[in-house]
Amino acid sequence: MRLIFLGPPGAGKGTQAQILQERYGVQQVSTGDILRANLQQRTELGTIAETFMRRGDLVPDEVAVRMVETELDRHPNGFIMDGFPRTIAQAESFDALLERKGWRLDAVVLFEAGREALIARLSGRWTNPRTGRIYNATTSPPKRAGIDDEDGGPLVQRDDDKPETAEKRLAVYEKQTAPLVDYYRRRGKLVAVDAMQPVDRVTEEIVAKIGAAAAA
Ligand code: AP5
């Protein structure tokens, strides 16, 4: 299965990618997680990305595309792209890359959600930086505040989830990423889901709609 999850910050792309990777036997490829890991390890890529990410801006297209090109070699049997592509230029490069590999994209899932709920979700998000597991202080809290249920290690809040940076990321999404909705709709790949439902209902809707899209 080769999927792209598309939607604004906080819509639940990462949450659903983690749930569905097991079901489809493929891995989540989160460009945000890869960039954050590079930032933490102080790699050259992390140093380039840092200023952009702290401001809530996108890293340059060529950086994102090169990173995905390298990463995709590890996923010959499929993937769930979470956070890529994010601009028309990235989408065109990705199309070319898939064509070179002879891979067909099954569907692009659009997560539809209202702006106010997104800011609230982001301000309540806690993440395990070691595994990527995502919690929410209101809707899906860990058993002990700040501690991961599974590995017992500390949970962290992302720097870019501060309200002013989250607002900026939403504006960047509207300007640079939202045009991808039409891009993929014209190619007959888009399925939209209501991301305001509880997590399990969103999962059910994705599974039902991907099944129909993949069979078409
Ligand atoms: P990235 O890490 O990709 O962030 P994002 O796209 O802004 O998405 P988020 O991770 O914030 O949200 P999500 O939709 O995954 O929501 P989640 O499941 O966590 O990118 C970060 C930065 O990296 C960018 O700003 C940019 O600088 C750079 N970057 C990355 N990719 C790039 C690219 N391709 N090109 C250029 N730059 C790039 O859920 C959010 C919260 O809501 C959680 O607390 C969760 O528990 C809760 N929640 C989820 N679903 C539900 C539900 N149904 N009901 C209630 N609560 C829910």
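Modeller: The account below takes up the ring pairs and then the charges placed over rings.

This is a predicted model, in which local features need pLDDT of at least 70 and side-chain atom pairs count only at pLDDT 80 or more, while totals for chains, interfaces and linings use all residues. Residues are numbered from 1 along each chain as its sequence is written, and side-chain values use heavy atoms, with hydrogens and water left out.

The structure holds 5 aromatic pairs (rings of Phe, Tyr and Trp, the last by its six-membered ring, with centres within 6.5 Å; planes under 30 degrees apart count as stacked, over 60 as edge-to-face and the rest as tilted). For Phe84 and Phe94, the ring centres are 5.4 Å apart and the planes meet at 85°, so this pair is edge-to-face. Phe84 belongs to the loop between strand S3 (79-82) and helix H5 (88-101), whereas Phe94 is in helix H5, so the pair ties together parts 10 residues apart in sequence. Helices (H or I, at least four residues) and strands (E, at least two) are DSSP runs, numbered from the N terminus. Both Phe84 and Phe94 are buried (under 20% relative accessible area; exposed is over 50%, partly exposed in between, with a 1.4 Å probe and protein chains only).

Ring pairs also join Phe79, Phe84, Phe94 and Trp103 into a cluster. Over the face of Trp103 lies Lys101, 5.0 Å from the ring centre. Elsewhere, the charged end of Arg187 sits over the ring of Tyr183 at 3.5 Å from its centre. The criterion is NZ of Lys or CZ of Arg within 6 Å of the ring centre and within 35 degrees of the ring normal.
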